[in-house]
Amino acid sequence: MMSGRPGRVPLQFLPNEARSLPPPKLTDPRLVFCGFLGYCAGLVDNAIRHRPVVAAGELHMNRKEMGSVRDVQWTNLPNIWTGLHRQLLYVTSFFFVGYYLLKRQDYIYAVRDHDMFGYIKSHQEDFPEKDKKTYAEILEEFHPVR
């Protein structure tokens with residue numbers, strides 16, 4: 001039974017060989033999409049739990065109503081940016097996970113390319129080189145119509 005590549009370590013997310021590959025760019029559209037998915041996940045989480053993105057209103061309590069500091073219920077204190085920090089957390093976490101998933105994808109593609117080119121080099125009789133044609137041989141001759 002074949003277990004994959006020789007020397008493969010099971011359940012290893014990124015082997016040490018992956019360090020030789022260049023890291024993905026931080027402006028990669030796939031990473032931006034992962035961050036956008038995190039933003040959408042934060043919006044959905046806020047919508048499910050009925051948390052507004054920006055809370056309106058203020059807490060008006062004077063010292064006589066409040067009593068001591070222990071009497072204040074912290075859940076009733078309004079935070080102006082209640083849902084925004086959660087969305088930011090989702091964006092950064094999805095971006096971070098997407099970065100490592102992209103690194104793994106690049107590594108898997110590099111291993112696949114390495115194996116494929118090694119196979120082509122060792123079996124050259126199965127992959128003959130094609131004759132190189134010029135554009136004049138491929139395209140028809142041009143005759144202007146007047």
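## Asp45 and the helices of a predicted model

Modeller: Asp45 is placed in helix α1, which covers residues 29-48; helices (H or I, at least four residues) and strands (E, at least two) are DSSP runs numbered from the N terminus. This is a predicted model, in which local features need pLDDT of at least 70, side-chain atom pairs count only at pLDDT 80 or more, and totals for chains, interfaces and linings use all residues. Residues are numbered from 1 along each chain as its sequence is written, and side-chain values use heavy atoms, with hydrogens and water left out.

Colleague: Why is Asp45 called buried?

Modeller: Its relative accessible area is 11%. Buried means under 20%, exposed over 50% and partly exposed in between, with a 1.4 Å probe and protein chains only. Asp45, at 11%, therefore counts as buried.

Colleague: Which residues does Asp45 touch, leaving out those up to four places away in sequence?

Modeller: Asp45 touches Arg51, Arg86 and Tyr90, where contact means heavy atoms within 4.5 Å.

Colleague: What makes the pair of Asp45 and Arg49 a salt bridge?

Modeller: The closest N and O atoms of Asp45 and Arg49 are 2.8 Å apart. A salt bridge is a side-chain nitrogen of Lys or Arg within 4 Å of a carboxyl oxygen of Asp or Glu, so the pair qualifies. The structure holds two salt bridges; one of them joins Arg30 to Asp28, with the closest N and O atoms 2.9 Å apart.

Colleague: How are Arg30 and Asp28 classed by accessibility?

Modeller: Arg30 has 38% relative accessibility and so counts as partly exposed. Asp28 has 13% and therefore counts as buried.

Colleague: How do you know that the buried residues of α1 line one face?

Modeller: The buried residues of α1 are Leu31, Gly35, Gly38, Gly42, Asp45 and Asn46. Viewed down the axis of α1, they fall within an arc of 100 degrees, so they line one face of the helix; the arc is that of the directions from the helix axis to the C-beta atoms. Pro29, Ala47 and Ile48 are exposed on the other side of α1.

Colleague: What covers the buried residues of α1?

Modeller: The cover includes α3. In turn, the buried residues of α3 pack against α1; in α3, Gln87, Gly98, Tyr99, Leu102, Tyr107 and Val111 are buried.

Colleague: How does the reach of α1 and of α3 stand against the expected span?

Modeller: The expected span of a helix is 1.5 Å times one less than its number of residues. With 20 residues, α1 reaches 28 Å from its first C-alpha to its last, close to the 28 Å expected. Helix α3 (residues 84-122) has 39 residues and reaches 57 Å, close to the 57 Å expected. Just after α1, His50 takes a positive phi of about 55 degrees.

Colleague: Where is Leu21, and why is Leu21 called partly exposed?

Modeller: Leu21 is in the segment before α1. Its relative accessible area is 27%, so Leu21 is classed as partly exposed. Apart from neighbours within four places in sequence, Leu21 is in contact with Asp106, Tyr107 and Ala110. Leu21 and Tyr107 are 86 residues apart in sequence, and their C-alpha atoms are 7.3 Å apart.

Colleague: What makes Glu17 exposed?

Modeller: Glu17 has 52% relative accessibility and therefore counts as exposed. Glu17, also in the segment before α1, is 90 residues from Tyr107 in sequence and 8.3 Å from it in space, C-alpha to C-alpha.

Colleague: How many helices and strands does the protein have, and what share of its residues is buried?

Modeller: The protein has four helices and zero strands, running α-α-α-α from the N terminus on. Of its 146 residues, 14% count as buried. Among contacts in the protein with a separation of 6 or more, 85% come from residues 24 or more positions apart.

Colleague: Where does the pLDDT stay under 50?

Modeller: It stays under 50 over residues 57-64, for which the model has six contacts beyond four places in sequence, and over residues 71-75, for which the model has three such contacts. pLDDT is the predictor's confidence in each residue, from 0 to 100. The protein averages 79, and 72% of the residues score at least 70.
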